[in-house]
Amino acid sequence: MNKLLICLALAAGSLLSSGASLAQTPAPHNDQLYKAFGEKPGLVALMDDFMVRLLADPRTGPHFQPANQQRVKEQLVEQLCALSGGPCVYKGADMKSAHANLDIKKSDFHALVEMLQQSMDAKGIPFRKQNEMLALLAPMNRDIITPVESAAKP
């Protein structure tokens with residue numbers, strides 16, 4: 001639980017300090033993070049584990065069951081590869097467009113982060129490297145979570 005709180009705090013701090021979206025977030029200047037995640041085979045194995053967790057969890061399963069799960073995994077591998085300094089280029093939709101009208105709440109996003117951490121732990125990715133990746137992913141929060149409509153004014 002402490003690990004989750006630390007990672008969420010890092011993610012929140014990154015959100016406050018960065019206005020960049022995935023397309024605007026520069027990849028690290030080297031590929032050390034990419035290598036720490038096991039390069040492309042490691043990212044594929046990580047996303048295989050992650051998708052199983054996402055589908056099994058009642059908080060996130062309903063969001064992912066109707067999706068083309070193979071395509072989602074492929075795009076996640078592309079994103080993480082590009083963000084971590086690997087040779088990939090993410091060619092999918094921007095996060096705002098991809099998640100529009102999906103009614104994703106903060107609690108859904110936090111559940112996804114929790115499962116990503118579990119998958120990273122299961123794959124033996126060092127905690128420091130997990131935090132580096134989460135800090136790169138955190139700015140997507142504002143484009144993925146559906147804004148809460150303010151109450152109608154009288």
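Author: Before we start, one term: a helix here is a DSSP run of H or I with at least four residues, and helices are numbered from the N terminus. The model we are looking at is predicted.

Reader: Which residue with a positive phi follows helix 5?
Author: Helix 5 covers residues 69-83, so by the numbering from the N terminus we look just beyond that run. The residue that follows helix 5 has a phi near 95 degrees, and it is Gly-85.

Reader: What share of the 154 residues in the protein is buried?
Author: A residue counts as buried when its relative accessible area is under 20%. Of the 154 residues in the protein, the share that is buried is 42%.

Reader: What share of the contacts with a separation of 6 or more comes from residues 24 or more positions apart?
Author: Contact here means heavy atoms within 4.5 Å. Among contacts with a separation of 6 or more, residues 24 or more positions apart account for 78%.

Reader: What length does helix 5 reach from its first C-alpha to its last?
Author: Helix 5 has 15 residues, and the expectation is 1.5 Å a residue. The expected span uses one less than the number of residues. The length reached is close to that expectation, at 21 Å.

Reader: Which helices do the buried residues of helix 5 pack against?
Author: Helix 5 has a run of buried residues from Leu-76 to Leu-83, and Val-72 and Lys-73 are buried as well. These buried residues pack against helix 2 (32-36), helix 3, helix 4, helix 6 and helix 8.

Reader: Is Leu-43 buried or exposed?
Author: Leu-43 is found in helix 3 (residues 39-56). Its contacts beyond four places in sequence include Val-77, Leu-80 and Cys-81. Because its relative accessible area is 0%, Leu-43 is buried.

Reader: What distance separates the C-alpha atoms of Leu-43 and Met-120?
Author: Met-120 is one of the buried residues of helix 7. Along the chain, Leu-43 and Met-120 are 77 residues apart, yet their C-alpha atoms are separated by 9.8 Å.

Reader: Is Pro-41 buried or exposed?
Author: Pro-41 is found in helix 3. With 63% relative accessibility, Pro-41 counts as exposed.

Reader: What is the phi of Glu-39?
Author: Glu-39 has its place in helix 3, and its relative accessibility of 36% makes it partly exposed. Glu-39 is not a glycine, but its phi is positive, about 55 degrees.

Reader: Which two cysteines form a disulfide?
Author: A disulfide is a covalent bond between the sulfur atoms of two cysteines. A pair counts when its sulfur atoms are within 2.5 Å, and the count here comes to one. The sulfur atoms of this pair are 2.1 Å apart, and the pair is Cys-81 and Cys-88.

Reader: What is the handedness of the link of Cys-81 and Cys-88?
Author: Both Cys-81 and Cys-88 are buried. The angle about the S-S bond is 80 degrees, and the link is right-handed.

Reader: Which residues does Pro-87 contact, leaving aside its neighbours within four places in sequence?
Author: Pro-87 has its place in the loop between helix 5 and helix 6. Pro-87 is exposed, with a relative accessible area of 68%. Beyond four places in sequence, Pro-87 is in contact with Tyr-34 and Cys-81.

Reader: Which helix gives the most to the lining of the largest pocket?
Author: The largest pocket has a volume of about 770 Å³. It is lined by 31 residues, with Phe-64, Leu-76, His-99, Leu-112 and Ile-144 nearest its centre. With six residues in the lining, the helix that gives the most is helix 5.

Reader: How many residues of the lining of the largest pocket are nonpolar?
Author: Several helices, including helix 3, helix 7 and helix 8, each supply at least two residues of this lining. By class, the lining has five polar and two charged residues, and the number of nonpolar ones is 24.

Definitions and conventions. Residues numbered from 1 in each chain as written. Predicted model: local features only at pLDDT ≥ 70, side-chain atom pairs only at ≥ 80, totals over all residues. Heavy atoms only, no water. Buried < 20%, exposed > 50% of the residue type's maximum accessible area, 1.4 Å probe, protein only. 1 Å grid on protein atoms, 1.4 Å probe; cavity = no way out; pocket = protein on both sides within 12 Å on 5 of 7 lines; lining within 4 Å. Points joined across faces, edges and corners; volume = space filled by probe spheres on them. Nonpolar A, V, L, I, M, F, W, Y, C, P; charged D, E, K, R; others polar.
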